[in-house]
Amino acid sequence: MTLPGGVVERPLGRGRLLGYGVGSIGTGVFSAVPGLLLLYYLTDMLGVPAAVAGVVLVAPKIWDVLLNPLVGAASDREAVRTGRRTRLLAIGAAALPVTFALMFAVPGGVPGALWSGVAFLLAATAFACFQVPYVALPAEMAGTQSARTRIMSWRVVCLTVGILVAGGLAPAVVDLAGGGRAGYAVMGVVIGALMAAALVAATLGTRWVPSRPGPRPLGPVAAFRLARGNRPFFVLLAAFVTQALAVAVMLAGAPYVASYRLGDYGLTSVMFVCLVGPSMLAVPGWAWLARRHGAVRCYLAASIGFCAVAVALIPAVAGGGLAATLALTALAGVCYAALQLLPLSLLPDTVHADAARTGQAQAGAFTGLWTAGETAGLALGPGLFALVLTVSGFVSAPTGSPVAQEPGALTGLLLGFTALPALLMLISLPFVAWYGRLAKEPA
């Protein structure tokens, strides 16, 4: 089959699928660790006030939202000149692990908020250099929706591995290294090294992908002007961003629920594994259901399911029921698998449809906008949860000088972990349904 730009589609063996998917181990780690641990590191290790910590988490991501579309246009221009997107991938793969480690290695005497904020800004920039061209590749690897779902199945499984590394291994490394600031510094180096291996492997493993945007290179302004007529893309993006925000809020709240509602910070890893672990098993099932019943219907069902589970978590967590909390978290993980797989499988459909509409293939421009939206959701999640903590009266303090939280603060972190993600998921449902009306369901 011939892809846009006259490129002949090549067979996708397991080696090529793994060569692409392994990059999501690295991106999954970076997407999850700051949202899961950085806010807690700032408030409970460094004593940074929650409001200031929220700014530290959000500010670099605001920069990333502005940067990603520019990187997307640059990726398309590079591909027009060279036929590949490798250069930007390599830059991101080299810089991201180093800047990630620096986020959790605040030297003594240096303001923690300033150091972590600058390191996070540099890491977000490196992440954009890798993530934007990386997300553009599936549209150029396959020309059918079923083939792209297969690509995304491999990617989501690898993404799940990366997120499990973040949520399961990262807190464990902190504990094994003795906890405290030193433990977090060791964690940054260890997890950064694993991230580097995954990103470099994907950079080398996707050199075969022929990228042929065009027929002419476009600047970011011209690319956006051309793209803005693609209503299905922007409706799908709205659904995905809102759901990314919901998941990010829940991730940010996990350490606080484990510490202050369930009584053991060590349960953070267990909760995270319960949320993400089922994804690896659920992805093939969701892919099969999408082939039988349509990707949009399954996407809508998974969104409703996640919303219902988040509501059910309210009494489970409030009552301190560990078994019920973990079981419901695992059920949310089954829905989470579809929230990762299905919108990313539908994204290339909107890219190819736009190429047919305009005569200009620009996968990088669209994925720049897509990752900008995803970045905004992931960034605003911890910031939004930090706002909930601030409003509810949560008092930040280093672990060496613990503070008893008022009942209002305990209620606030409970609702921030459960009711707020449920509300955001509910808001996303009309966008999913609207996309189904705008875009014809793939056969």
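Mentor: Two residues are in contact when they have heavy atoms within 4.5 Å of each other. This is a predicted model, in which local features need pLDDT of at least 70 and side-chain atom pairs count only at pLDDT 80 or more, while totals for chains, interfaces and linings use all residues. Residues are numbered from 1 along each chain as its sequence is written, and side-chain values use heavy atoms, with hydrogens and water left out.

Trainee: Which residues is threonine 160 in contact with, leaving aside its neighbours within four places in sequence?

Mentor: Threonine 160 lies in helix H6 (helices are DSSP runs of H or I, at least four residues, numbered from the N terminus). It counts as buried because its relative accessibility is 3% (buried means under 20% relative accessible area, exposed over 50%, partly exposed in between, with a 1.4 Å probe and protein chains only). Beyond those sequence neighbours, the contacts of threonine 160 are Val276, Ser279 and Met280.

Trainee: How far is the backbone oxygen of valine 156 from a polar atom of the side chain of threonine 160?

Mentor: Here one atom belongs to the backbone of valine 156 and the other to the side chain of threonine 160. The distance between the two is 2.8 Å.

Trainee: Which helix gives the largest share of the lining of the largest cavity?

Mentor: The structure holds 8 cavities of 30 Å³ or more (a cavity is a set of points on a 1 Å grid over the protein atoms alone where a 1.4 Å probe fits but cannot get out, and lining residues have an atom within 4 Å of a point). The largest one holds about 260 Å³ of space, and among its 21 lining residues, those closest to its centre are Ile163, Tyr336, Gln340, Glu374 and Leu378. Helices supplying at least two lining residues include H2, H6 and H13. The largest share, 5 residues, comes from H9.

Trainee: Why do phenylalanine 104 and tyrosine 184 count as a stacked pair?

Mentor: The count of aromatic pairs comes to 15 (rings of Phe, Tyr and Trp, the last by its six-membered ring, pair if their centres lie within 6.5 Å; planes under 30 degrees apart count as stacked, over 60 as edge-to-face and the rest as tilted). In this pair the centres are 6.1 Å apart, and it counts as stacked because the angle between the planes is 20°.

Trainee: How many residues apart in sequence are the parts that this pair ties together?

Mentor: Phenylalanine 104 and tyrosine 184 are both buried. Phenylalanine 104 sits in the loop between helix H4 and helix H5, and tyrosine 184 in helix H7, so the pair joins parts whose separation in sequence is 80 residues.

Definitions and conventions: On a 1 Å grid over the protein atoms alone, a cavity is a set of points where a 1.4 Å probe fits but cannot get out, and a pocket is an open set with protein on both sides within 12 Å along at least five of seven lines; lining residues have an atom within 4 Å of a point. Grid points are joined across faces, edges and corners, and a volume is the space filled by probe spheres set on the points. A polar contact is a pair of N or O atoms within 3.5 Å; within protein, one must be able to donate a hydrogen and the other to accept it, and residues adjacent in sequence count only if both atoms are side-chain atoms.
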